[in-house]
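Trainee: Please take one part of this model and go through it closely. After that, carry on to whatever else is worth a look.

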Amino acid sequence: MKILKIFIILFLSIGFSQLKSNEKNDELKNKILKNIRCLICQGQSVYDSESDFASSIKLIVDKKINDEMSEDQIYKFLRDKYGDWVIYEPELNKNTYVLWLLPLLLFVVGGAIIRKNLIFKNS
Amino acid sequence: MKNKLSLFAIIIFLSFCFAIFYKGLNHTNTYTPKITDKKYIPIFEAKNFNSSTYLKSKKIFEEDIYYIVNIWASWCVPCRTEHPLLMKLSKNESAKLIGLNYRDNLDNAKKFINEFGNPYSQILTDSDGTLSVELGAYGVPETFIIDKNKKIIKRFIGPINRKIVEEIKLIIK
């Protein structure tokens, strides 16, 4: 009887840990898929699309997660195949620095203009 | 004066839109992305179309010649339009044509080949589309040119036409 109890506890704990790891993998998979652009769809992520292209990407991402590739490694793999455009959030490099720095620059310039106007009004 | 100016601006704007859409209408549906850095073909293993054996990429592209990889499917209508051109291209001896059957029903694919002819020296099966992703493909039809160094030097998204066939012939000459 004691052995049976130990066996049941062991069985359940293995089952739960497996379930937890699957849940973790699913979360990561969904996070990645939501950040990948479906290149043949109009304004849809791979996560939202049911196209052949999206289905193939979903399978590949699933396979790469099972091969224990990290999120960044999967993005790198897809970037190598399809270019920066495939990822919704582009990384900072020589082609995208304007995209990243322009809003910051506009914010600083805008802030400076507002500040100047306020000082002018107060005086 | 102000009214006239705004009318003139609207006309200019509408003409600009018309010109863009008109140009778009005449634009070919074949998209050729620029390949800035030529990449080596990925290492993969694919199922043979005619048997259930698996082939390694090294074995498929072992000869010191150009290879043309064409992704096709029996359900793909544009594949039917480009098929006669592929048949002509297959007569060219300076390159080998490899077919990659994409997410297809095997029976339908075999019927397609029996009906329209087989331009390919070898056909591989990509039943779930993952092999096409490894190649960086968008869908069907798509054609890649692989040079003697086993690098992808050109690719054509969409069905090939006579102009593209001439371009391919020039490259593989």
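Mentor: In chain B, L85(B), K88(B) and L89(B) of α3(B) meet R162(B), V165(B) and I168(B) of α6(B). Contact here is a matter of C-beta atoms, placed from the backbone, lying within 7 Å of each other. By class, the residues of this contact divide into 4 nonpolar, no polar and 2 charged. Ala, Val, Leu, Ile, Met, Phe, Trp, Tyr, Cys and Pro count as nonpolar, Asp, Glu, Lys and Arg as charged, and the others, Gly among them, as polar. The model is predicted, so local features need pLDDT of at least 70 and side-chain atom pairs count only at pLDDT 80 or more, while totals for chains, interfaces and linings use all residues. Residues are numbered from 1 along each chain as its sequence is written, and chains are lettered from A and ligands numbered from 1 in the order in which they are written.

Two packed helices are described by the angle between their axes and the distance between the axes. Helix α3 (residues 77-89) of chain B packs against helix α6 (residues 162-172) of chain B at an angle of about 25°, and their axes are 10 Å apart. That angle makes α3(B) roughly parallel to α6(B); under 35 degrees counts as roughly parallel, over 145 as roughly antiparallel, 65 to 115 as roughly perpendicular and the rest as oblique. Axes are lines fitted to C-alpha atoms, for helices over the stretch in contact, and angles run from 0 to 180 degrees between N-to-C directions. The crossing of α3(B) past α6(B) is right-handed, that is, the near helix is turned clockwise from the far one by less than a right angle. Helices (H or I, at least four residues) and strands (E, at least two) are DSSP runs, numbered from the N terminus.

Elsewhere in chain B, F156(B) sits in strand β8. F156(B) is buried because 22 other C-beta atoms lie within 10 Å; the cut-off for buried is 20 or more, for exposed 12 or fewer, with partly exposed in between, and C-beta atoms are placed from the backbone. The C-alpha atoms of F156(B) and A95(B) are 16 Å apart, against 61 residues in sequence.

K150(B) lies in the loop between β7 and β8 (151-157) of chain B. K150(B) counts as partly exposed because it has 15 C-beta neighbours inside 10 Å. Its phi is near 65°, a positive value in a residue other than glycine. The peptide bond from V140(B) to P141(B) is cis, with omega near -15°, and P141(B) is in the loop between α5 (130-135) and β7 (142-146) of chain B. Most residues other than glycine have a negative phi, and most peptide bonds are trans.

Chain A has a positive phi as well: that of E68(A), not a glycine, is about 65°.

As for the two chains together, 9 residues of chain B are in contact with 12 residues of chain A. The chain B side has 2 nonpolar, 5 polar and 2 charged residues.
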